[in-house]
Amino acid sequence: MNIIGRYEKKVSKRPKSFIVVLIAITLFLSFFAAQMEMDVGEDDFQPDTKVALANRMINERYGSEEGQLSVIFIADENVLNRGSLMAQLEMGEKISNSPGASSLISGSPENPGGISSPARLIAQTRFIRGLMQAGEGFDQPPGNDSNSIQQELMGKVFTLSHSEMRTILEGGELSIDVSTLPFLIELEFEPYEPEMLSEFYQDPFISIIFPLEDILGFLLSNDYDPETQTASKSIMGISIQNDISDKAALEAEREVQQMAKEIDSEGLELRILGDALIREEINEASGRNIGILMPIAFIFVIVVLAFMYRNVTDTVLNLIALVIAVVWVYGIGVLLGLNLGNPMMTTVPVLIIGLGIDYGIHYTSRYREELKEGKQVGDAIMLAGATVGFAIMLTTITTIVGFMSNVSSNISAIRDFGILCSVGILSAFILMLTFFPASKTIIDRRRERKGKPLIKFKEEKDKKSLSKKFWAKIGEPESFCKSDVKCVNNGLGLGAIAARTPVPVLIVVLLITSAAVYGGMQLEARYDFRDFLPSDLEVTETFNIFMEDFNFSQETVFILVEGDITQPEVFRKIEVVQSEAMESEYVVSARTPESPYQLAISMVNENSPNYNSSFADIWAANIDDADSITPANVISIYDGLFEYAPQEVVRVLNHDGEGYDGLVIRIPVDAMDGKRVREIENDIISASQTMNEEDLERVLVTGGPIVSYSTFQSINQGQIETLLITFLIALIILTILYYYLGKGLALGGITILPLVFVISWTFGTMYFLNIPLNPVTVTIAAITVGLGIDYSIHITQRFIEEAERIDKPECALCVATSHTGSALFGSATTTIVGFGILSLAIIPPLAQFGQVSAISIFFAFLASVFVSPTFLLLWYRYRIKSS
């Protein structure tokens with residue numbers, strides 16, 4: 001008797017003790033399960049690669065890119081008309097006057113209010129034009145510094161109040177007070193019309209100091225026509241500080257969302273899009289996902305079990321075991337510190353229900369078979385465990401191997417998913433082989449004592465008509481046996497009959513697999529954290545508008561330099577690297593790069609809003625001769641940046657308390673939704689090569705777009721690694737086991753071989769259904785092996801069992817596929833429908849995962865009953881011939 005048989009014997013002898021232990025464990029774990037929190041972040045889906053870890057370090061040490069809250073204005077006619085611009089100013093004023101929202105805005109010298117919009121840009125341009133025209137009408141008083149006047153006027157451009165901008169656009173007069181002039185500068189503006197923009201574009205002076213056309217290109221929708229000056233949509237960008245809490249950011253974005261509803265402008269619709277709102281929607285969607293899927297899954301289980309068992313007691317016991325398994329999973333997940341808020345985790349309860357019910361069906365079916373043969377309750381429990389229980393143990397091991405292979409992934413969300421699924425499978429196995437038999441032992445022995453029957457016997461009807469017609473057509477073969485009748489009537493045994501002529505079976509399998517392999521090779525990895533947004537939400541629709549209708553890029557690539565950055569040659573090369581990087585055709589020239597050099601230059605430029613005379617003196621004293629600067633000069637410049645621009649310098653320069661050991665050059669790019677990442681990375685790496693010539697610890701190119709590309713690579717690489725690990729471990733386990741049982745070394749490989757075809761069919765189907773590889777669907781290969789091999793193991797085990805008592809292997813195969821095939825059909829149906837329930841998930845990648853999983857299980861079932869018999873029969877014949 002094997003280990004499972006001995007265990008079930010103990011359970012049947014002391015059932016109450018085992019149930020008490022299970023109840024105690026459940027109460028303990030339920031305490032921790034109640035503390036589960038739903039929280040998700042994009043970091044969970046970033047790989048632990050060198051570039052991803054460097055990107056994370058930059059965000060923590062130097063500060064991440066500022067959060068961006070976007071207000072999208074959608075006009076019925078033209079978003080550039082005066083009414084739309086007035087609505088933009090009104091929205092900006094509401095935000096600026098709100099204590100909550102304004103306290104979270106990140107301003108800059110160029111944009112103190114932290115708000116960018118077409119209305120603001122056009123008002124600033126008209127103001128500059130007005131200053132130029134006014135300057136022609138008066139003479140500068142003697143003794144006045146023209147540079148200081150110009151600097152003060154430029155500062156006024158960036159600090160215009162909303163009322164002043166409203167006057168500039170609506171038309172009216174403005175009086176400008178300049179501290180160094182003894183009079184006011186009087187400006188007069190005509191009411192703005194969109195046609196005036198063309199004049200601004202043609203003004204060379206305005207184009208130099210204020211590239212209006214380039215900047216508007218990012219804030220206006222792709223249907224913008226420069227000739228007619230019309231566009232249907234525009235963006236108001238609001239910069240949010242990067243060091244605020246998620247809660248504060250969410251409150252601010254919700255407040256802005258409410259303000260947008262208060263803007264009363266006919267023919268204009270306002271939509272809000274922010275990172276905090278997106279995260280909140282994904283979190284809420286994950287919670288709703290569980291609320292939708294769990295009831296559906298349990299209703300499905302009740303219906304299936306009621307149909308399969310036609311017994312209230314067995315149905316209820318299976319349901320209780322599944323509920324306990326779910327409690328165990330979440331309790332252990334909390335104890336292990338797993339991130340249960342990950343959207344992938346919402347699929348785990350459904351997986352447990354779908355797989356746990358399989359164990360229950362197999363065990364109950366075999367238990368009833370033993371009772372029909374006249375066994376007592378204890379003996380039936382023990383024999384069911386020794387036979388099908390042993391097969392369930394094998395399938396549990398291989399399934400856990402399939403899920404645990406995801407631990408090799410460098411994406412934490414996938415690792416946590418694999419661990420939690422493994423915990424769930426093990427929990428379901430323990431409960432189905434402990435709680436169910438213990439409960440059945442108590443209940444059925446009580447029925448025995450009362451003289452009640454334990455099972456109802458049905459008279460089997462004659463169903464030979466189909467079989468007679470079948471064999472009459474093809475003729476009875478020499479290997480014909482009585483079990484062939486059931487093979488045909490059952491339908492699931494046709495694979496055993498086809499196995500007697502293996503060549504046609506192999507040809508059909510290879511043709512289908514070839515087509516599937518071709519499709520699978522075309523599959524591409526695709527990932528965006530916002531893919532987890534449900535398609536029917538307003539925020540999803542807004543996000544799609546943002547991505548499809550605008551060319552607005554907030555992406556940045558970092559050049560990280562670590563080591564002794566006070567070397568004069570390193571300091572000189574900051575400008576060289578930055579300049580070469582900005583020459584790439586994929587950079588966003590309308591945005592300014594950030595680096596210690598760029599910050600210093602802006603502070604010594606008298607026409608810059610960042611100009612600082614004290615720092616300009618430091619710069620002049622230390623960079624008098626650029627070719628002869630020393631480390632002391634470089635340190636003086638860095639010290640000056642920290643003294644006069646402390647908020648800005650920490651984004652590009654790091655001081656570890658003892659010295660300067662790192663800097664970051666931030667290059668604005670447009671990766672075109674990931675299509676240009678490879679080219680961008682090559683360009684920036686090429687630009688940074690000159691820095692590698694110096695004695696530094698490392699020079700590394702990273703950033704959001706490159707991390708996303710690294711995620712794609714990790715998905716592809718992880719798929720191959722997990723698949724190989726799963727195959728190898730499952731093959732080793734089965735080979736050792738079957739060799740130990742005296743079946744030779746080849747049977748393990750024969751059992752797992754059909755899964756090679758199943759994986760090919762699955763990936764080919766994904767390609768033809770346009771389902772991409774993403775952090776969720778990438779786990780499907782290992783899951784297919786882990787789950788699909790269950791069916792092959794059951795067929796193999798039953799065939800071995802029948803071949804020991806039936807002389808003809810063809811007949812033994814028919815008996816195995818007829819009996820086990822029926823149980824596999826019920827098991828596969830429940831699993832397929834269980835995964836199919838996931839296709840109802842409101843989170844798209846989870847729905848795709850459910851669809852692909854259901855397809856792979858369907859293929860695994862077909863392979864086990866129609867393909868595996870051919871290989872098993874060939875193996876048996878070869879083994880007999882060899883011996």
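Biologist: Why is histidine 162 called buried in this model?

Modeller: In this predicted model, histidine 162 has a relative accessibility of 18%. The cut-off for buried is under 20%, so histidine 162 is classed as buried.

Biologist: Where is histidine 162 placed, and which residues does histidine 162 touch?

Modeller: Histidine 162 belongs to helix α8, which covers residues 162-170. Setting aside residues up to four places away in sequence, histidine 162 touches Leu89, Gly92, Glu93 and Ser96.

Biologist: What makes the pair of histidine 162 and glutamate 93 a polar contact?

Modeller: A polar atom of the histidine 162 side chain lies 3.4 Å from the backbone nitrogen of glutamate 93. The cut-off for such a pair is within 3.5 Å, and the value of 3.4 Å meets that distance.

Biologist: How do you know that leucine 174 is to be counted as buried?

Modeller: The relative accessible area of leucine 174 is 9%. Buried requires under 20%, and therefore leucine 174 is buried. Leucine 174 is found in strand β3, residues 172-177.

Biologist: Which residues are in contact with leucine 174, leaving aside its neighbours within four places in sequence?

Modeller: The contacts of leucine 174 are Glu164, Thr167, Ile168, Ile185, Glu186, Leu187 and Phe189. For phenylalanine 189, 15 residues apart from leucine 174 along the chain, the separation of the C-alpha atoms is 8.3 Å.

Biologist: Is glutamine 229 buried or exposed, and why?

Modeller: Glutamine 229 has 1% relative accessibility. Since buried means under 20%, glutamine 229 is counted as buried. The residue lies in the loop between α11 (212-219) and β5 (233-240).

Biologist: Is asparagine 770 buried or exposed, and why?

Modeller: The relative accessible area of asparagine 770 is 61%. Exposed means over 50%, so asparagine 770 is exposed. Asparagine 770 is placed in the loop between α31 (746-768) and α32. Phi of asparagine 770 is near 60°, and this is a positive value in a residue other than glycine.

Biologist: Why is threonine 434 called buried?

Modeller: Threonine 434 has a relative accessible area of 3%. The limit for buried is under 20%, and threonine 434 is therefore buried. Threonine 434 is located in the loop between α17 (412-432) and α18 (435-449).

Biologist: What polar contact does the side chain of threonine 434 make?

Modeller: The side chains of threonine 434 and tyrosine 7 form a polar contact at 2.6 Å; the distance limit is within 3.5 Å. Leaving aside neighbours within four places in sequence, threonine 434 is in contact with Tyr7, Val11, Phe18 and Leu22.

Biologist: How do you know that valine 649 counts as buried?

Modeller: Valine 649 has 0% relative accessibility. With buried set at under 20%, valine 649 is classed as buried. Valine 649 is in helix α28, residues 646-649. Apart from residues up to four places away in sequence, valine 649 touches Leu599, Leu641 and Phe642. The C-alpha atoms of valine 649 and proline 596 are separated by 6.9 Å, although these residues are 53 residues apart along the chain.

Biologist: Why is leucine 723 called buried?

Modeller: The relative accessible area of leucine 723 is 17%. Buried means under 20%, so leucine 723 is buried. Leucine 723 is part of helix α30, residues 704-740. Not counting residues up to four places away in sequence, Ile759, Ala781 and Val785 are touched by leucine 723. Between leucine 723 and serine 405, 318 residues apart along the chain, the C-alpha separation is 7.6 Å.

Biologist: How many cavities of 30 Å³ or more does the structure hold, and which elements give two or more residues to the lining of the largest cavity?

Modeller: The structure holds 2 such cavities, and about 100 Å³ of space lies in the largest cavity. Its lining draws two or more residues from each of α15 (348-372), α16 (377-404), α32 (780-803) and α33 (809-838). By class, the lining has 4 nonpolar, 6 polar and 2 charged residues. Among the lining residues are Asp358, His362, Asp790 and His794.

Biologist: How many of the residues of the chain count as buried?

Modeller: Of the 883 residues of the chain, 56% count as buried.

Definitions and conventions:
Residues numbered from 1 in each chain as written. Predicted model: local features only at pLDDT ≥ 70, side-chain atom pairs only at ≥ 80, totals over all residues. Heavy atoms only, no water. 1 Å grid on protein atoms, 1.4 Å probe; cavity = no way out; pocket = protein on both sides within 12 Å on 5 of 7 lines; lining within 4 Å. Points joined across faces, edges and corners; volume = space filled by probe spheres on them. Helix = DSSP H or I, 4+ residues; strand = E, 2+ residues; numbered from the N terminus. Nonpolar A, V, L, I, M, F, W, Y, C, P; charged D, E, K, R; others polar. Buried < 20%, exposed > 50% of the residue type's maximum accessible area, 1.4 Å probe, protein only. Polar contact = N/O pair within 3.5 Å; in protein donor to acceptor, adjacent residues only side chain to side chain. Contact = heavy atoms within 4.5 Å.
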